[in-house]
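Try each task before reading its solution.

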Amino acid sequence: MDLLNMLVDKGLRRELPTREEALAVLATSDDDLLDVVTAAGKVRRHWFGRRVKLNYLVNLKSGLCPEDCSYCSQRLGSTAGILKYTWLKPDEASQAAAAGLAGGAKRVCLVASGRGPTDRDVDRVSDTIKAIKDQNEGVEVCACLGLLSDGQAERLREAGADAYNHNLNTSEGTYAEITTTHTYADRVDTVQKAHAAGLSACSGLIAGMGESDEDLVDVVYSLRELDPDSVPVNFLIPFEGTPLAKEWNLTPQRCLRILAMVRFVCPDVEVRIAGGREVHLRTMQPLALHLANSIFLGDYLTSEGQAGKADLEMIADAGFEVEGAGEVTLPEHRVTAGGGCGSQAGAGCGSHEGAGCGSHDEGAGCGSSQESAGCGSHEGGGVCGTAPAAPAGEPRTDLVAVRRRGAGTDLAPNA
């Protein structure tokens, strides 16, 4: 297809596609899907080779969030039966992080529910960052705590944080339909604060909340303008007990087209498959590795994920390799430009290798994105989708499982 050849050429030159071209990717047919994956895969391999970065989430404080984000199991008014607990102590968080690092993760993402941190909360997280870094040489740490006040990003940076995650989630035009307790502009402001403090900014989206193709393109173009190092792509988990529990709008094919569109618009950025990959991509997860260069390992914030062992097997079987701790995630031009994303000298990750947390931070810190669930009942390491298949197009509620192990429990984590 002429369109795909043109998009590959633009991706290799870091040239922004037109909105019409981005919309055309989302409008391609299932018959053309493998051609789309092949084209976007060329751009992914040009900038990131066959490396897959592994990230690990630690939920520092779960549930009881005062914000009303419709997608979130931790939101105000949620009746989802999730774990609820207050702040983990630094040694507890460090112990939880160690499980993910032992499984191959190079970045730990520290997430806490709430509108945003108090100064005391920043102190708590700073102590946790120091504990993790003291015990794990070379580890990258990303914080995701919600809306930041003046000076807080700088304090996190001084404590050793490498990145800060705060997602836009959806387009500016539809944001008020998803959340009313804070604004789209609030989120943009926090991403800019992270950039300005020298943190590697991470910001992404949630697909599947009933948005249009135009909304998806709008938010990805807004992200391109903000220029984060990492763009997590989350797929809505319609968690029972939340307002969006009945929104089952995604197919594996649509998820792949969305990831391809993001790769074409953000060719040299860490694109992470975040929340919902097990639930919506299912057995097509390996194809998504040709589009994204980063995933999370094991469980998520309030829900279970695919077993870490299965993630590692999937990466190897698909012909990819886990990115090592000594490898730089971002292309050289983005690092040498001063961190950020190459176009904002003096901002962003600087000498820090990775990109942002991009977490499946369901409701976490009001700055996060939809948490992934699913596949948690397949604890033996089997690939997602081993449960009895539902009829095509039917909601896969069987793949949504509340996390009952790891952080906040006495049970070993899944990593």
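**Exercise 1.** How many cavities of 30 Å³ or more does a search of the whole structure find?

*Solution.* This is a predicted model. Step one: search the whole structure, which gives one cavity of 30 Å³ or more. Step two: take the volume of the largest cavity, about 100 Å³. Step three: look at its lining of 14 residues, where Y56, L57, Y300, R403 and A407 are the closest to the centre.

**Exercise 2.** Which strand gives the largest share of the lining of the largest cavity, and how do the lining residues divide into nonpolar, polar and charged?

*Solution.* Start with the strand. Strand β1, residues 51–61, supplies four residues, the largest share of the lining. Next, sort the lining by type. Eight residues are nonpolar, three are polar and three are charged.

**Exercise 3.** What does helix α1 reach from its first C-alpha to its last?

*Solution.* Helix α1 runs over residues 2–13, twelve residues in total. The helix reaches 17 Å, close to the 16 Å expected at 1.5 Å a residue.

**Exercise 4.** Which residues of α1 are buried, and which are exposed on the other side?

*Solution.* Apply the cut-off: buried means under 20% relative accessible area, exposed over 50%. In α1, L3, L4, L7, V8, K10 and G11 are buried. They cover an arc of only 165° around the axis, so they sit on the same side of α1. On the other side, D2 and R13 are exposed. Now find the partners: the buried residues pack against α2 (19–26), α3 (33–48) and α10 (252–265).

**Exercise 5.** Which residue just after α1 takes a positive phi?

*Solution.* Step just past the helix to R14, with a phi of about 60°.

Notes:
Residues are numbered from 1 along each chain as its sequence is written. This is a predicted model: local features need pLDDT of at least 70, side-chain atom pairs count only at pLDDT 80 or more; totals for chains, interfaces and linings use all residues. Side-chain values use heavy atoms; hydrogens and water are left out. Helices (H or I, at least four residues) and strands (E, at least two) are DSSP runs, numbered from the N terminus. The expected span of a helix is 1.5 Å times one less than its number of residues. Buried means under 20% relative accessible area, exposed over 50%, partly exposed in between (1.4 Å probe, protein chains only). The arc is that of the directions from the helix axis to the C-beta atoms. Contact means heavy atoms within 4.5 Å. On a 1 Å grid over the protein atoms alone, a cavity is a set of points where a 1.4 Å probe fits but cannot get out, and a pocket is an open set with protein on both sides within 12 Å along at least five of seven lines; lining residues have an atom within 4 Å of a point. Grid points are joined across faces, edges and corners, and a volume is the space filled by probe spheres set on the points. Ala, Val, Leu, Ile, Met, Phe, Trp, Tyr, Cys and Pro count as nonpolar, Asp, Glu, Lys and Arg as charged, and the others, Gly among them, as polar.
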